[in-house]
Amino acid sequence: MGKGGGCVPSKNRPPKGVSDKDLQNPESDGPVSDQNQTQTTQTNPIDHAIAQRQLRVFIVFYSMYGHVEVLARRIKKGVDSIDGVEGFLYRVPETLSSEVLEQMKVPKKDGNADEVPVILAERLVEADGLLFGFPTRYGSMAAQMKAFFDSTGHLWREQRLAGVPAGFFVSTGTQGGGQETTAWTAITQLAHHGMLYVPIGYTFGARMFEMDSLRGGSPYGAGVLSGDGTRKPSETELALAEHQGKYMAGIVKRFAQPSFRAPGHGLD
């Protein structure tokens, strides 16, 4: 008891109401100084691989007379312009015989130096983003592209493509020939796979509203008007295709965060 009437607790005793068990052992239980603490972080090898490698956008298309292929090549240019992302062109298998194609006067595609390779469905899991291009057949995708989607059943069973951003670009004969319906009737294919549909909206800006010339394309994706087959894509149509490539590449980069997903692993 000291002067002043104050009671000073003993240094060897806990304050009133606090048990010995509540006190930390300063030698074993106390916090460790930051200067002496060594932090160990573990890196997921899949996350590290995603962070280091180039992201891939597969541009998968069917083109009978070449209009869709022209768009596809311009889309690849847009994808490749985004740092860290690379575009790859692939063609889906043909379902018509060579005799029928010859009668339809379809240009031969074999033997060209810059020929685009044919893709099988198994390769889709390697992509970080997918853009599918096809001509219209009565307002929906051509049978060759539908046959390709029909071959993806094994990927659907395991939802291997779930979470993958995907979009469309199309070709139609006329303005009212399906520039929008050809794309939006294809969305069902993405929905069953759990893929994320990425339209371009009106991100192309004022050029989406130009009325002084014929132009394919819509908020659903790039497009070209082929007419009787002799019309070539306009510069506006090509610019819109390139914009779609850039836009998709940007979306893929946004989704390619560590721990989000690895190609071929859905959303596990």
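Predicted model: local features only at pLDDT ≥ 70, side-chain atom pairs only at ≥ 80, totals over all residues.
Visitor: How many helices and strands does the chain have?
Guide: Helices (H or I, at least four residues) and strands (E, at least two) are DSSP runs, numbered from the N terminus. By this assignment, the chain has 8 helices and 7 strands.

Visitor: What percentage of the residues of the chain count as buried?
Guide: Buried means under 20% relative accessible area, exposed over 50%, and partly exposed in between, with a 1.4 Å probe and protein chains only. Of the 268 residues in the chain, the buried share is 41%.

Visitor: Which residues have the most contacts inside the largest nonpolar core?
Guide: A nonpolar core is a set of buried Ala, Val, Leu, Ile, Met, Phe, Trp, Tyr and Cys residues joined through side-chain atoms within 4.5 Å. The largest such core has 31 residues. Strand 1 (55-61), strand 3 (129-137), helix 4 (143-150) and strand 5 (165-172) each supply at least two residues of this core. The residues with the most contacts inside it are V60, L124, L130, F132, F134, M145 and F148.

Visitor: Is Q244 buried or exposed?
Guide: Q244 lies in helix 8 (residues 235-255). Leaving aside neighbours within four places in sequence, Q244 is in contact (heavy atoms within 4.5 Å) with I75, L131, F168, F169, I200, G221 and A222. Because its relative accessibility is 1%, Q244 counts as buried.

Visitor: Why are R73 and E69 separated by about one helical turn?
Guide: A salt bridge is a side-chain nitrogen of Lys or Arg within 4 Å of a carboxyl oxygen of Asp or Glu, and the side chains of R73 and E69 meet in one at 2.9 Å, N to O. R73 is partly exposed at 31% relative accessible area, whereas E69 counts as buried at 16%. The separation is about one helical turn because both residues lie in helix 2 (residues 67-80), at a spacing of 4 residues.

Visitor: Which residues are linked with E69 and R73 in a network of salt bridges?
Guide: The structure holds 12 salt bridges. Side chains of opposite charge can pair when their charged atoms come close. In the network containing E69 and R73, the other linked residues are R91 and E115.

Visitor: How far apart are the closest N and O atoms of K246 and E242?
Guide: K246 and E242 both lie in helix 8, 4 residues apart, about one turn of the helix. K246 counts as partly exposed at 37% relative accessibility, while E242 is buried at 13%. In their salt bridge, the closest N and O atoms are separated by 3.9 Å.

Visitor: Which residues form a nonpolar patch on the surface?
Guide: Patches are made of residues with over 30% relative accessible area and no salt bridge; like charges are joined within 9 Å, and nonpolar side chains (Val, Leu, Ile, Met, Phe, Trp, Tyr) within 5 Å. One member, V100, lies in helix 3 (residues 98-103) and counts as partly exposed at 33% relative accessibility. Together the patch has about 300 Å² of accessible area (Shrake-Rupley method, 1.4 Å probe; for residues, only the protein chains shown count as cover), and its residues are Y65, L96, V100 and M104.

Conventions. Residues numbered from 1 in each chain as written. Heavy atoms only, no water.
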